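Here's a short tour of one protein model and the spot where its ligand sits. Have a look at it before reading on.

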Amino acid sequence: MENRPLEYDYTVAKMFMLTTIILGIVGMAIGVFIAFELAFPGLNTVFGEGLAEYTNFSRLRPLHTDAVAFGFTVSGIFATWFYVGQRVLKVSMAESKFLMFIGKLQFWLYVIGVAAVVVSLFMGYTTSKEYAEFEWPIDIAIVVVWVLWGVSIFGLIGIRREKSLYISVWYYIATFLGVAMLYLFNNMEVPTMLATSPAGEGAIGDWMHSVSMYAGTNDALVQWWYGHNAVAFVFTVPIIAMIYYFLPKESGQAIYSYKLSLLSFWGLMFVYLWAGGHHLLFSTVPDWMQTMGSIFSVILILPSWGSAINMLLTMKGEWQQVAASPLIKFMVLASTFYMFSTLEGPIQAIKSVNAIAHFTDWIVGHVHDGTLGWVGFMIIAALYHMAPRVFKRELYSKSLMAAQFWIQTLGIVLYFTSMWIAGITQGMMWRAHDEFGNLAYSFIDTVDVLHPYYALRGTGGLLYLAGFFIFAYNIYKTWTSNKEVDAERLNASPMGA
Ligand code: HEM
Ligand code: HEM
């Protein structure tokens, strides 16, 4: 192997860093807006009655969820792959004109796909399946983008110099395969333009409309097998890939246990796929499937905590770094939030607890301590680590990073605490009844009670968004700064690549 350090090519990584930040801002700004819409319903028509069709909560909600999941998070996954992949495989994208072309093509098709998603969701085209709202032409474009990413992953692996595959690469491969399988099965649909009227009047459908190939309970089962595993393969597995690379690199500490990382890997792969039933407790799904969903959810604590403890113990003996470095703080808090949401999730999956939690804001709280604390913080940390190395400039401001950390942490705490109180209050009020079995409260009573908590959640979201603006500014100033650094010197750490 050569001694000369490789000159890695970060063109595609930088392109995806840009979309991570832009789509992060868009998705979170919509999140803040819809959070305030729930607190102050008048906001649904704030841009005028004429535009209310586009600005009401229900039209904007999927734009929020899809922008943060498939915009912000998936861009972050691509950006980090095009950085981490080259380094751990010891091969530069510049060595293959073909892979470079594929990477750029993937980026531009992704941008076109995102534009199509935004326009079609705004126009009201939706399959109405959560996290799978896109109509079939967009699904096809997404499959092409995904296949191109696969070509990059396996192409780089094919020409690598490093024989062993670092654990992060395993997690990226699992992300690729997992999402491909889930997406294809859940989006099996028939465009209605293929349907013809029995009366012989020709086509009766619309080219932007389809029906699922599954029906009723089967459809729900496939949807939540997909929905839950989207959590696994978008919000968990690739984020673990990131932390296993960036935490050791940033701290100079080797991963606490490589064996534990492999054990948790196979544990997650096996257990996650059976837990989706916990979204359908007390539904028409057969009882044994619901029970299986609950049981596998509780077992899921083991591989989840295996990964989280491995991340935290990587800092063993070096805890002073947590106090000294805001970047390490982001990653340590990310793993802590991971532990937290993977304890909360299994608790919510226990049938008797789910009877209170389901349909309430406690679930929304669970979603956001995972996504804001774990996913958001880890992607932010990864981009902060990458910025000086890909732009070859010194980081603009460490104190701004520290301020961002505290502002966003406060935002998350406000978000999930308000949702916990709101959720449990809702759950209890919905169930309360008098001695004759009459409901003690009407639905509107619960809505009234929730108002202050919704306002508090909106404020927490606003703080998180403000912190994200600081992040965008800090990265922009780093990119355009004239303080050059020797990027390879920054990488001198015991971890090699
Ligand atoms: C500025 C921060 C954010 C705010 C204020 C916010 C706000 C919201 C609101 C109001 C909802 C709708 C809740 C409901 O229907 O009752 C929601 C749903 C959701 N958000 Fe966010 N969000 C933020 C950031 C994020 C991020 C960064 C992610 C992912 C990376 C995310 C993922 C989701 C998901 C998956 C849902 C659907 C939850 C469910 O169906 O239970 N959010 N968000
Ligand atoms: C051991 C791991 C986990 C388990 C067992 C688990 C369990 C659960 C349960 C029981 C629900 C509520 C289902 C319902 O009643 O509607 C839920 C919802 C959800 N969880 Fe988790 N969770 C885990 C980890 C996570 C993590 C780490 C994240 C994100 C980073 C996450 C994101 C979500 C989302 C987005 C939903 C809402 C889905 C929806 O209704 O739209 N979960 N989870």
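In helix α5, the residues Ile138, Ile142, Val145, Trp149, Ser152 and Leu156 are buried, where buried means that 20 or more other C-beta atoms, placed from the backbone, lie within 10 Å of a residue's own. Their cover includes α3, α4 and α6. Helices here are DSSP runs (H or I, at least four residues), numbered from the N terminus. With 23 residues, α5 reaches 32 Å from first C-alpha to last, close to the 33 Å expected at 1.5 Å a residue (that is, 1.5 Å times one less than the number of residues).

This is a predicted model, in which local features need pLDDT of at least 70, side-chain atom pairs count only at pLDDT 80 or more, and totals for chains, interfaces and linings use all residues. Residues are numbered from 1 along each chain as its sequence is written, while chains are lettered from A and ligands numbered from 1 in the order in which they are written.

Now for ligand 1: what surrounds it? There are 24 residues around it, and the closest are Met28, Gly31, Val68, Thr371 and Gly461; a residue counts if its C-beta atom, placed from the backbone, lies within 6 Å. The shell has 15 nonpolar residues, eight polar and one charged. Helix α15 gives the largest share, eight residues.

| Helix | Residues |
|---|---|
| α1 | 11-39 |
| α3 | 57-89 |
| α15 | 361-391 |
| α17 | 443-479 |

How confident is the predictor, on a pLDDT scale from 0 to 100? The chain's mean pLDDT is 94.

Notes: Helices (H or I, at least four residues) and strands (E, at least two) are DSSP runs, numbered from the N terminus. Ala, Val, Leu, Ile, Met, Phe, Trp, Tyr, Cys and Pro count as nonpolar, Asp, Glu, Lys and Arg as charged, and the others, Gly among them, as polar. A residue is buried if 20 or more other C-beta atoms lie within 10 Å of its own, exposed if 12 or fewer, and partly exposed in between; C-beta atoms are placed from the backbone. Two residues are in contact if their C-beta atoms, placed from the backbone, lie within 7 Å.
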